[in-house]
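How are two packed helices described? They are described by the angle between their axes and the distance between the axes, and the report below follows that scheme.

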Amino acid sequence: MTVSPDFSAASTAVTAALGAYLLLGEPWLGRRLYGSLARRRDTEPRALVGYFTFVLVFWWLFAALALLALLLSPAMAASDLGIAAPASPVSTAVVIVAVVAVTVVSGRKMRALAEDGRNVPGLASIRAMLPRTAQERRLAIAVAVTDGICAELVYRGLLIAFGAGVLGLNLYAAAALSVLVYAVAGCYQGRSGVIAFAVVGALLAGLYVSTGSLLLPVAIHVALSVRDLTLPEPEPIGSVPAYAPAAKGS
């Protein structure tokens with residue numbers, strides 16, 4: 001994969017502002033929003049609906065900014081942001097099918113553990129986001145799909161292009177920078193969240209760099225998010241302190 005995006009001045013400004021928010025503002029806002037949701041979850045029936053609606057609006061806004069950055073740079077191609085067919089469509093399709101199958105199987109095992117009251121690693125940190133009603137479940141799926149599409153476009157597509165085209169980094173250094181920003185965004189889940197985001201971000205960035213397309217990273221991201229956001233609560237939420245680690249679909 002080769003990326004040689006030519007950012008205009010306006011596109012550079014838009015991307016730099018978005019990148020600064022993702023690095024500095026997203027962890028703070030995510031922590032506050034999730035903390036508020038967790039405190040209100042048992043007393044306000046529509047708390048999760050409101051939270052999910054806010055997340056949907058924000059993520060599509062970020063995606064729109066990424067596309068705006070592309071439109072503001074006449075010399076930049078959509079493929080510079082990963083909006084392209086993968087180098088090997090057949091291999092990519094096979095991997096997607098395999099990943100979906102593994103995700104379904106692991107999701108069933110995780111659901112069984114949760115329903116039996118047994119520990120599912122990482123589930124407690126997102127329990128306020130786990131749906132209880134049909135409406136919440138539909139919104140959870142919408143958030144998972146949105147997170148997979150928009151996060152990959154922004155974190156992998158736009159940030160890697162920015163690192164290579166504006167900061168002058170080579171492809172792998174630009175990918176590493178995008179992983180760092182993505183990992184920091186996971187701090188609202190605590191230390192384990194940062195580690196998990198870093199691992200997943202590195203995997204998805206590696207897949208993007210190796211295929212030259214966001215298709216495979218998006219498919220995997222969506223599958224994992226749908227699995228996690230449709231699991232049952234491990235236990236009643238109860239009272240959650242204001243400083244509790246936050247979490248959302250990623």
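In this predicted model, helices α1 and α5 run roughly parallel to each other, because angles under 35 degrees count as roughly parallel and the two pack at an angle of about 15°. Where they pass, α1 crosses α5 in a right-handed sense. On the α1 side the contact is formed by Leu22, Leu23, Glu26 and Pro27, which meet Val181, Val184 and Ala185 of α5. Sorted by class, this contact comprises six nonpolar residues and one charged residue, with no polar ones.

Helix α5 also packs against α6, and here the two helices are roughly antiparallel, since angles over 145 degrees are counted that way and their axes cross at roughly 150°. The crossing of α5 and α6 is right-handed. From α5, the residues Leu171, Tyr172, Ala175, Ser178, Val179, Tyr182, Ala183 and Ala185 take part, and they meet Val194, Phe197, Ala198, Gly201, Ala202, Ala205 and Val209 of α6. By class, this contact of α5 with α6 holds 13 nonpolar and two polar residues, and no charged ones.

The geometry of the two pairs is set out in the table.

| Helix pair | Residue ranges | Axis angle | Axis distance |
|---|---|---|---|
| α1 and α5 | α1 residues 9-40, α5 residues 171-185 | about 15° | 8 Å apart |
| α5 and α6 | α6 residues 191-211 | roughly 150° | within 8 Å |

Notes. Residues numbered from 1 in each chain as written. Predicted model: local features only at pLDDT ≥ 70, side-chain atom pairs only at ≥ 80, totals over all residues. Heavy atoms only, no water. Axes fitted to C-alpha atoms, helices over the stretch in contact; angles between N-to-C directions. Helix = DSSP H or I, 4+ residues; strand = E, 2+ residues; numbered from the N terminus. Parallel < 35°, antiparallel > 145°, perpendicular 65-115°, else oblique. Left-handed = near helix turned anticlockwise from the far one by under 90°. Contact = heavy atoms within 4.5 Å. Nonpolar A, V, L, I, M, F, W, Y, C, P; charged D, E, K, R; others polar.
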